[in-house]
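Thanks for coming. Please look at the screen.

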Amino acid sequence: MRLSLSKRSLAVAATATLAASLVVVATSTANAAAKLDNPYAGARMYVNPDWSAKAASSGGQAIANQPTAIWLDRIAAIESGSAGSNTMGLRDHLDAAVDQGANLIQVVIYNLPGRDCAALASNGELAPTDIATYQSDYIDPIVEIMGDPAYANLRIVTVVEIDSLPNLVTNVSPRPTATPECDVMKANGNYVQGVGYALAQLGALPNVYNYIDIGHHGWLGWTDNFAASGQVFLQAARANGAEPSDVHGFAANVANYGILDEPFFEATTVVGGKPVRESTTWVDWNNYVAEVEYAQAYRQHLVGIGFDAGLGMIIDTSRNGWGGPDRPTRASTSTDPNTFVNESRLDRRIHLGNWCNQAGAGLGERPKASPASGIDAYAWIKPPGESDGASREIPNDEGKGFDRMCDPTYAGNPRNNNNMSGALPDAPLSGHWFQAQFEELLANAYPPL
Ligand code: BGC
């Protein structure tokens, strides 16, 4: 049992006796005992100087001191002076965090074999079978660096493998959304094995807090995706040496655009005689219309199937503000369900399945600890200004493909129900600086800057 599990209940039951907490300490493992219930509570968060300088020199002085996550998106990113736009390695960032007097740093673990099996923009460097390389050349060196006693006072939040496990449910045969690549990753088990290894090795460090990616409400919010994905998370949390207690929480909406809350309707809101869940193409039978309710419900579900009762959720709010002139200010008065939802919704995307460089998006809530029940933090995991993918083919040595979901002229595929992509034009490769998008994010920030 983790102490953090019981710490949350102790916080709730303020009358808990000293005797009870002593029992808890006695049954905790040495490592777990050091972990905090919510690492973000009262934390001084690390500001990445690389991102900060880019933001400041690109018109974003007002937000340049916000904490954003470090993405270890290839083996070379662990070392300093690696290729690409970022020059600092993991040790440089950890040293800089200590120098800043910070005590929390956010790191994205993102290099699975056969990465991003349902899309092309962030395909990685490792082939589907490269699980041994993932473990020995990627995870092991990260664990070694993070385990250096020089960083013992840093709370290290790891967001583990974006867009991987949910693909094993939603984008595999016989679904119409299947891709051959995701079928391969399901069959060979390397996403589950890789995530299990990462959770086990990182989770053994007393100051590392693992959060597994759970996609977003517009991906797993449907009944048949939600529970099935929960089982895959549990499977990964029991694979390759991991245990559910290695999972501190889950991260929603990473690099996505889902709104925190739709103030003017819920899935159950009745318009024209029926809940909008059943009668609109926007909600389309989803159980959720926004990220906070999704993350809270998932938290409860995950605890129910065997994860720790102390789980906390992170929601990425870097680009889900949806402010600016097109933001609705009141509920529509239409009695036509589709018109009602389309005129009322803050999320202005063409379709919920759109994910690449969305036109009209704005910065969301600034990073904040404990913003709602069960939510550890709103955090900026995707650094604003970094592209989701190139809008046309750009030759590169980063393993990045061209995904037409990043092309504004693309009319879609089954994963966005054949809608236009809604992407901005002229975008660079994923992870590269996209000035036009950054300016739009600033202009459409909500809360405004
Ligand atoms: C890219 C990574 C990048 C990350 C953060 C991903 O889409 O594939 O290379 O580090 O976004 O911007």
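**The ligand and its surroundings**

Around the ligand sit Trp 71, Asp 73, Tyr 110, Arg 115, Ser 122, Lys 382, Glu 386, Lys 400, Ser 430 and Gly 431, each with a heavy atom within 4 Å of it. This is a predicted model, where local features need pLDDT of at least 70, side-chain atom pairs count only at pLDDT 80 or more, and totals for chains, interfaces and linings use all residues. Residues are numbered from 1 along each chain as its sequence is written, and side-chain values use heavy atoms, with hydrogens and water left out.

By type, the shell has two nonpolar, three polar and five charged residues. Here Asp, Glu, Lys and Arg count as charged, Ala, Val, Leu, Ile, Met, Phe, Trp, Tyr, Cys and Pro as nonpolar, and the others, Gly among them, as polar.

Now the distances to ligand oxygen atoms. A side-chain N or O atom of Asp 73 is 2.4 Å from one, a polar side-chain atom of Glu 386 is 2.5 Å from one, and for a side-chain N or O atom of Lys 400 the value is 2.8 Å. The protein buries 94% of the 310 Å² that the ligand exposes when taken alone, by the Shrake-Rupley method with a 1.4 Å probe.

Next, Leu 104. Is it buried or exposed? Leu 104 counts as buried because its relative accessibility is 0%; buried means under 20% relative accessible area, exposed over 50%, partly exposed in between (1.4 Å probe, protein chains only). Its contacts (heavy atoms within 4.5 Å), leaving aside neighbours within four places in sequence, include Pro 39, Tyr 40 and Leu 154.

How values were computed. Polar contact = N/O pair within 3.5 Å; in protein donor to acceptor, adjacent residues only side chain to side chain.
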